[in-house]
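Subject: A structure for you to look at

Hi there,

Here is the structure I promised to pass on to you. Have a look at it first, and then read on for what turned up in it.

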Amino acid sequence: AEMLWREAADARIAEREAQVELTRTAADARMTTIPEAITNTRRAFLIAGVKTFERNILSNLSNIPLEGASKAIAAVPDRALSMLGLTKEPGARTIRLRQFQDVGSAMKTSVPQGFKEWGEILRHGQTAEDIARQEVVVEQNTGFPAWDGVVNIVFRNQAGADRPTYLYGYARSLQRQAWNLFPNDEAARRAFIANPPEAVANEALADAAFGVYQNDTTMNQALQGLGSTLRRGGTGGRGLAWVYDNLGALYKKTPSAVATRTTVDFTPIGAAARVLDALWENGLQKLNPEAQKAVTMAIGRGAVGTGVIATGWALAGQGAMTGYYRPDFKEEILTSGRTPGSIYFKGEWVPLQWLGPVGHLLAIGATLREAGAGTVLPFSDMGNWPTMAATGAGAAMQSVVDSPMAQSAKQMQEIMQPDERTAYQKGNKLAGSFVQGFIPSVINEFARARDTQADGYGRRRAVDDTSTTGAMVDSLKSRIPGLRETLPMAVDD
């Protein structure tokens, strides 16, 4: 019997390996069109920088304590709902404080495995486990190996860098669900985690994706839907979709997840909306486990986010943080070096984007303070809730737009803002912004580090916008070491 069992197990392993190899072969066989390759190249080069890589890691890491604190707070209303008999299953729990004692074991298993899978992704593009779950990554394949290799290795490294955090989120989700089912049976919890049911594993995968900003959102669906609608419009529509992808929304999923997290999930108004939505979806009846978790996590995240926003408000009052409200920043930058959306750290003003969602929430608080939101208590003098919400949401969105993956949206925002420039000049600037994407960010970072005269805010290099060719050439020069310094300094009226 044991021999038959081993033969069956070996057969399943062989079948899975064959399926993985077949899936990889099929994915590699698909040819990439030149327009697709251009978009892929610009997307890859945009994130091919040391600072972008560091920000990605720090953003993932900052989400861990944010979620941990949210769950710790959520455990209180979770227990209260259970004790008050508001759950369908008597005594049902979805979050327990005791589960936090397993944080160390989750870290111990997920981090080494995460680095191992990072290496596998660098070699093969994705892991065998991903392929087995039908999560197939179609890489660039133009028939030019050098071009394809450069583009694909950037995306592979970006995906691999997320892996330790992703697996940590997966492990913590399994632990949470195991504690809810077997609070007093450690052996049962271990067996459950080692071989989780499909529904449990799927919930853990969704929680893991949330931890690295790969969860789907309404905003992402809207952005993706616009592109899909354009592509259905024939040749002209596909052309417009290509322009939309390259000039307006080069990245959609990650910026949408970050924006949703900082404008909805971790704000008091957004948390209230999440609670009402969960209650409505549940039919205003006793809560099932999904609704119970949604309600309690909305409360936890809203409470934590409100605390971070209040911290930003307080730091701005101490002069240690800046938001996005004041219109006189240009003069202030030139005189004191204070840049918008930054925190003062060791004698320098550091952009809050380095802190991921925590930084975006701090920016909301700092902006509200600059807008006059309270002189004694946070937000007490804001006037009305709609004004406060609009100001806070605007600050969060500006903070997200300033992040590396939203640079195409930021460039479009700068071009579309009303000023004295003609439509022709703005078009030339747009053309220059497009060709900038063909210079990897790591080269641009080196060029900026060498340029001691320009800081990107009050002192910047001028780009000729009187001709399309001039704008494109100057835009390329601005990202290349040695050539950047040949551009004149901008003169503001």
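A residue is called buried if its relative accessible area is under 20%, exposed if that area is over 50%, and partly exposed in between, using a 1.4 Å probe and protein chains only. Helices are DSSP runs of H or I with at least four residues, strands are runs of E with at least two, and both are numbered from the N terminus.

Two notes on the source. This is a predicted model, in which local features need pLDDT of at least 70 and side-chain atom pairs count only at pLDDT 80 or more, while totals for chains, interfaces and linings use all residues. Residues are numbered from 1 along each chain as its sequence is written, and side-chain values use heavy atoms, with hydrogens and water left out.

**The overall picture**

The protein has 21 helices and 2 strands. Of its 493 residues, 46% count as buried. Contact here means heavy atoms within 4.5 Å. Among contacts in the protein with a separation of 6 or more, 73% are between residues 24 or more positions apart.

**An enclosed helix**

Because 10 of its 13 residues are buried, helix 12 is largely enclosed by the rest of the structure. The buried ones are Thr254, Pro255, Ser256, Ala257, Val258, Ala259, Thr260, Arg261, Thr262 and Asp265.

**The nonpolar cores**

In soluble globular proteins, nonpolar side chains tend to be buried together. A nonpolar core is a set of buried Ala, Val, Leu, Ile, Met, Phe, Trp, Tyr and Cys residues joined through side-chain atoms within 4.5 Å. The largest one has 17 residues, of which Leu66, Val308, Leu361, Leu362 and Ile364 touch the most other members. Helix 14 (289-317) and helix 16 (357-370) are the elements that give two or more residues to this core. Helix 16 gives the most, with 7 residues.

What does Ile364 touch, once its neighbours within four places in sequence are left aside? The contacts of Ile364 are Thr262, Thr267, Ile309, Gly392, Ala395 and Ala396.

Leu355 is partly exposed, at 33% relative accessible area. Not counting residues up to four places away in sequence, Leu355 touches Ser62 and Leu362. Leu355 and Ser59 are 296 residues apart in sequence, yet their C-alpha atoms are 5.6 Å apart in space.

Next, look at helix 19 (residues 423-436) and helix 21 (residues 468-477). Their axes come within 8 Å and cross at roughly 35°; axes are lines fitted to C-alpha atoms, for helices over the stretch in contact, and angles run from 0 to 180 degrees between N-to-C directions. On the helix 19 side, the residues that meet helix 21 include Tyr424, Asn428 and Lys429, and on the helix 21 side they include Thr468, Ala471 and Met472. The residues of this contact divide into 6 nonpolar, 6 polar and 1 charged, where Ala, Val, Leu, Ile, Met, Phe, Trp, Tyr, Cys and Pro count as nonpolar, Asp, Glu, Lys and Arg as charged, and the others, Gly among them, as polar.

**Aromatic rings**

Rings of Phe, Tyr and Trp (its six-membered ring) pair if their centres lie within 6.5 Å; planes under 30 degrees apart count as stacked, over 60 as edge-to-face and the rest as tilted. By this rule there are 7 aromatic pairs. Phe115 and Trp118 are stacked, because their ring centres are 5.7 Å apart and their planes are at 25°. Both lie in helix 4 (residues 103-124), 3 residues apart, about one turn of the helix. Phe115 is partly exposed at 48% relative accessibility, whereas Trp118 is buried at 15%. Ring pairs also link Phe53 with Phe115 and Trp118 into a cluster.

Buried or exposed: which is Tyr213? Tyr213 is buried, at 2% relative accessibility. This residue has a positive phi of about 60° although it is not a glycine, and its place is the loop between helix 9 (198-211) and helix 10 (218-231). Lys346 also is not a glycine and has a positive phi, of about 50°. Lys346 lies in the loop between strand 1 (342-345) and strand 2 (348-351) and is exposed, at 74%.

Enjoy exploring!
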